[in-house]
Amino acid sequence: MESGSLKTTHNIIDLGLGHPSLSLLPLHEMEKAMNRVLHRKNPEFLQYGRALGDDASRLILARFLSEVNEECITPEGLFITNGISQGLDLACTLFTGRHDTIFVEEPTYFYAHTIFSDHHLNVIGIPVDDQGITIEALEDMLRVYSPAFLYIIPPFQNPTSVSLAPDRREKLLTLSKKHDFYILSDEAYQLLHYSGPLILPLASMAESEKVISFGSFSKICAPGLRLGWIQAHPSVLRNFTHAGYVVSSGGLNPFTLGIITSFIEAGYQKEHLLYLREKYKKRAYALSSALQKYCKEKTTFTEPRGGFFIWVELESDCDAEELLERAEEKGVSFQPGVRFSHRGKLKNYVRLSFSYYDEEALTEGVRRLSEVL
Ligand SMILES: Cc1ncc(COP(=O)(O)O)c(C=O)c1O
């Protein structure tokens with residue numbers, strides 16, 4: 001039986017988990033990809049690598065990204081990272097000083113808050129509605145502050161699953177040029193779209209040296225790889241390749257890059273991506289159908305078109321953190337909305353994830369939740 005399936009009925013079904021089930025990790029294909037690399041008898045992937053990441057590997061990654069995005073993405077615009085979290089941390093090191101102001105969406109991915117707090121940044125939240133970040137609120141804040149950057153999750157945002165509307169994207173790019181701030185675009189879920197059009201990486205849509213897109217293999221392949229990429233103008237990437245951490249250690253993770261290159265070359269990454277889209281589409285549908293069936297009167301939510309999450313609004317006087325204790329007694333857990341707000345707001349929201357459990361367990365989790373609501 002699949003990990004995270006109904007085998008766990010008597011335990012907690014944790015709808016707060018934002019990672020893939022073990023059964024969705026491509027173990028068998030990874031073994032074959034590793035064997036391909038080891039049998040080549042070329043130890044180069046065990047060497048300190050080139051700062052940007054190995055040229056041949058970046059070419060193969062660029063071809064893969066171009067194919068799945070139906071848009072030309074060139075290797076000169078790619079820098080290999082240890083995943084989005086590490087890329088963001090490095091961007092903070094390069095582009096900010098202590099107590100600098102940065103803007104984030106409100107709500108936003110909670111561990112990004114932790115990264116920004118490690119760098120002692122002054123974080124200002126800009127509200128998100130069903131079209132993404134609100135431009136009027138951003139303009140208001142730009143009259144008061146000069147942010148070093150705006151951190152944003154344009155496709156299938158964590159936690160709301162909202163995507164940035166095209167007209168807002170254009171306004172955002174204009175504002176970034178006018179007020180001279182970077183846009184750090186977190187695209188962890190960009191390739192995980194289930195209905196509606198594909199949303200291209202922001203760096204592909206902007207001829208701007210101020211836009212940096214962060215991609216990752218964590219959600220489309222396996223989080224344990226700790227591998228991702230930055231897509232940006234080559235002149236911006238020079239900041240990253242000249243960072244002390246990179247100069248001293250060489251390219252980030254040539255070993256894993258060698259393996260994932262073989263994984264892509266063998267066609268496994270494309271195959272796996274298509275498989276995941278099918279799986280997650282069904283799970284998203286199961287979770288939203290269960291919410292409709294069991295919690296319709298007490299919740300408001302939008303069906304996700306991609307990503308991992310459903311952002312659920314509870315009745316206005318409901319405190320999700322208080323609810324959590326009772327929910328866990330009933331055998332279900334979730335992420336309370338307040339964790340995604342740097343101001344301690346959004347108390348009557350919860351984030352439910354459909355990435356970890358199969359349809360049966362998701363439905364049972366929501367049924368349990370309805371008992372507490
Ligand atoms: C929006 C967002 N960004 C970044 C990450 C982490 O990415 P990585 O594993 O590439 O560091 C996550 C993981 O949940 C996420 O949801």
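## Packing of H11 and H13

Helix H11 and helix H13, the latter spanning residues 359–372, cross at roughly 25°, and their axes come within 9 Å. The two helices are therefore roughly parallel to each other, given that angles under 35 degrees are counted in that class. The crossing of H11 and H13 is right-handed. These values, like those that follow, refer to a predicted model.

On the H11 side, the residues that meet H13 are Lys282, Arg283, Ala286, Leu287, Ala290, Leu291, Tyr294 and Cys295. Their counterparts in H13 are Glu359, Leu362, Thr363, Val366, Arg367, Leu369 and Ser370. By class, the contact of H11 with H13 comprises 9 nonpolar, 2 polar and 4 charged residues.

## Domain organisation

The chain is divided into two parts: domain 1 covers 6–18 + 270–372, and domain 2 covers 28–268. A distance of 26 Å separates the C-alpha centres of domain 1 and domain 2.

Between the domains, 27 residues of domain 1 are in contact with 28 residues of domain 2. On the side of domain 1 that touches domain 2, helix H11 (268–295) and strand S10 (309–313) each supply at least two residues. H11 gives the largest share of that side, with 9 residues. The side of domain 1 that touches domain 2 divides by class into 11 nonpolar, 8 polar and 8 charged residues.

## Packing of H1 and H10

A further helix pair is formed by H1 (residues 27–39) and H10 (residues 254–265), which pack at an angle of about 110° with their axes 8 Å apart. H1 is therefore roughly perpendicular to H10, since the range for that description is 65 to 115 degrees. The crossing of H1 and H10 is right-handed.

H1 contributes Glu29, Met30, Ala33, Met34, Arg36 and Val37 to the contact, while H10 contributes Gly258, Ile259, Ser262 and Phe263. In terms of residue class, the contact of H1 with H10 has 6 nonpolar, 2 polar and 2 charged residues.

## Ligand surroundings

The ligand is surrounded by 13 residues. The closest of these are Gly83, Ile84, Ser85, Ser216 and Ser218. Classified by residue type, the shell around the ligand consists of 5 nonpolar, 7 polar and 1 charged.

Notes
Residues are numbered from 1 along each chain as its sequence is written. This is a predicted model: local features need pLDDT of at least 70, side-chain atom pairs count only at pLDDT 80 or more; totals for chains, interfaces and linings use all residues. A residue is near a molecule or strand if its C-beta atom, placed from the backbone, lies within 6 Å of it. Ala, Val, Leu, Ile, Met, Phe, Trp, Tyr, Cys and Pro count as nonpolar, Asp, Glu, Lys and Arg as charged, and the others, Gly among them, as polar. Domain bounds come from an automatic or database domain assignment. Two residues are in contact if their C-beta atoms, placed from the backbone, lie within 7 Å. Helices (H or I, at least four residues) and strands (E, at least two) are DSSP runs, numbered from the N terminus. Axes are lines fitted to C-alpha atoms, for helices over the stretch in contact, and angles run from 0 to 180 degrees between N-to-C directions. Angles under 35 degrees count as roughly parallel, over 145 as roughly antiparallel, 65 to 115 as roughly perpendicular and the rest as oblique. A crossing is left-handed if the near helix is turned anticlockwise from the far one by less than a right angle, and right-handed if clockwise.
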